[in-house]
Amino acid sequence: MKLFFLRKKNKWTSRRMAILALIVLIILLLAGSYFYHKQIASAPLDDEIEPADTAILDRGASELADKQEREFNALKEDLDSPEKVAAYIKDNFAITTDSSQTALAPKELFIKNSGGPQDIAVFTAFLLDWNGYEAGVLEYAWLENGQKKYYAVAVFRDGDTPKYLIATPAKIDLIAHGWSFKDLIQKEEARTGIKIEEYAFFEPGQINLITNDWAKNQ
C-alpha cells in the first residue's frame, strides 16, 4: 500500500484548480471594477454642485452684510450722546490692551465686538462727529523699557466742556480735562503714572494713527 503523500500527483487536477482560481480572480476584478465605476458615476461632479453652493454662500454673505449695515446705521442714530456711546462700549465690547496704530474701522469694531484703546477712540470720535459733536482722536506716546508705546483717547466738546473717553479692560470713563491738550496730557500722566513724550491729533474717521506730526510734551 502506497501512502497518499507518495502518490504521483494528477497534473490535470492541478491545472483545473489553477484555471478555476484564475476565473474566480477575473470575476472578482470585474465585479470590483463594475461597482467602482457605478459609484463614481452616481457621485455628483464638483462642477455640477459648485455653482449652486457658491450661489448659496454668496447670497448668505450678502444678506449678512446687509443686516450688519442696517444695524450699524441704526446704531449711529441711537448713540447720539457721549453717555450713550460710553454705555454701549461698556456693555458690548471686550476691551483689549492691543495698541496698534492702525485702528479698526468703526463698523469692523461693531461687528467684532472687541478692540484696543485706538479702536475704541476711533469708534467714539466717529459716532460723536456723526451726531454733531466736535470730536477727534488724540494719541500719545511714551517710552517703556526703551520701547515706544502708544495710547489713544477720543476727545470731544460736550456743550462747552472739553472731555475725553478712556477705554481700559477695567472701565470706560468720560473725563473733563481742562481747556487744552496739554491739560489732557497732564491728566493722563496723573492717571497712568507715565511720562508722556509726545502727542498728535487725528480727525474723526481716520483709522491710520501713524504720523510724523507729533507735538512734544515739554
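Both F93 and F123 are buried, where buried means under 20% relative accessible area, exposed means over 50%, and partly exposed lies in between (1.4 Å probe, protein chains only). The structure is a predicted model, in which local features need pLDDT of at least 70 and side-chain atom pairs count only at pLDDT 80 or more, while totals for chains, interfaces and linings use all residues. Residues are numbered from 1 along each chain as its sequence is written, and side-chain values use heavy atoms, with hydrogens and water left out.

**The chain as a whole**

- The protein chain contains six helices and eight strands, where helices (H or I, at least four residues) and strands (E, at least two) are DSSP runs numbered from the N terminus.
- Followed along the sequence, these elements come in the pattern α-α-α-β-α-β-α-β-β-β-β-α-β-β.
- Of the 218 residues in the protein chain, 32% are buried.
- The accessible surface of the protein chain is about 14,300 Å², and carbon and sulfur atoms account for 57% of that surface; the areas come from the Shrake-Rupley method with a 1.4 Å probe, and for residues only the protein chains shown count as cover.
- Among contacts in the protein chain with a separation of 6 or more, 49% are between residues 24 or more positions apart, a contact being heavy atoms within 4.5 Å.

**Aromatic rings**

- A pair of aromatic rings is described by the distance of the centres and the angle of the planes.
- A search of the whole structure finds ten aromatic pairs; rings of Phe, Tyr and Trp (its six-membered ring) pair if their centres lie within 6.5 Å, and planes under 30 degrees apart count as stacked, over 60 as edge-to-face and the rest as tilted.
- Y140 in strand β3 (residues 135–144) and Y151 in strand β4 (residues 147–158) are eleven residues apart, and their pair links distant parts of the chain.
- Y140 counts as buried at 1% relative accessibility, and Y151 is also buried, with a relative accessible area of 9%.
- Ring pairs also link F72, F110, F126 and W130 into a cluster.
- The charged end of K76 sits over the ring of W130, 3.8 Å from the ring centre; a charge sits over a ring if NZ of Lys or CZ of Arg is within 6 Å of the ring centre and within 35 degrees of the ring normal.

**Salt bridges**

- Side chains of opposite charge can pair when their charged atoms come close.
- The structure holds nine salt bridges, each being a side-chain nitrogen of Lys or Arg within 4 Å of a carboxyl oxygen of Asp or Glu.
- One of them joins the side chains of E69 and K107, at 2.4 Å from N to O.
- Since E69 lies in helix α2 (residues 46–78) and K107 in helix α4 (residues 106–112), the pair ties together parts that are 38 residues apart in sequence.
- E69 is partly exposed, with a relative accessible area of 30%, and K107 counts as partly exposed at 30% relative accessibility.
- K84 forms a salt bridge with D80, with 3.0 Å between the closest N and O atoms; K84 is partly exposed at 41% relative accessibility, and D80 is partly exposed at 34%.
- E198 forms a salt bridge with K148, the closest N and O atoms being 2.7 Å apart.
- E198 lies in strand β7 (residues 196–202) and K148 in strand β4, so this pair ties together parts that are 50 residues apart in sequence.
- E198 is buried, with a relative accessible area of 3%, whereas K148 is partly exposed at 36%.
- Salt bridges that share partners join K148, E198 and K216 into one network.

**The sheet**

- An open sheet of six strands has the order β6-β5-β4-β3-β7-β8, with antiparallel pairing; two strands pair if DSSP finds at least two bridges between them.
- The edge strands are β6 and β8 (215–216), each of which pairs on one side only.
- Strand β5 (residues 161–167) and strand β6 (residues 172–176) pair in the antiparallel sense over five bridges, and they form a hairpin with four residues between them.
- Strands β7 and β8 run antiparallel and are joined by two bridges, with E198 standing opposite K216 in β8.
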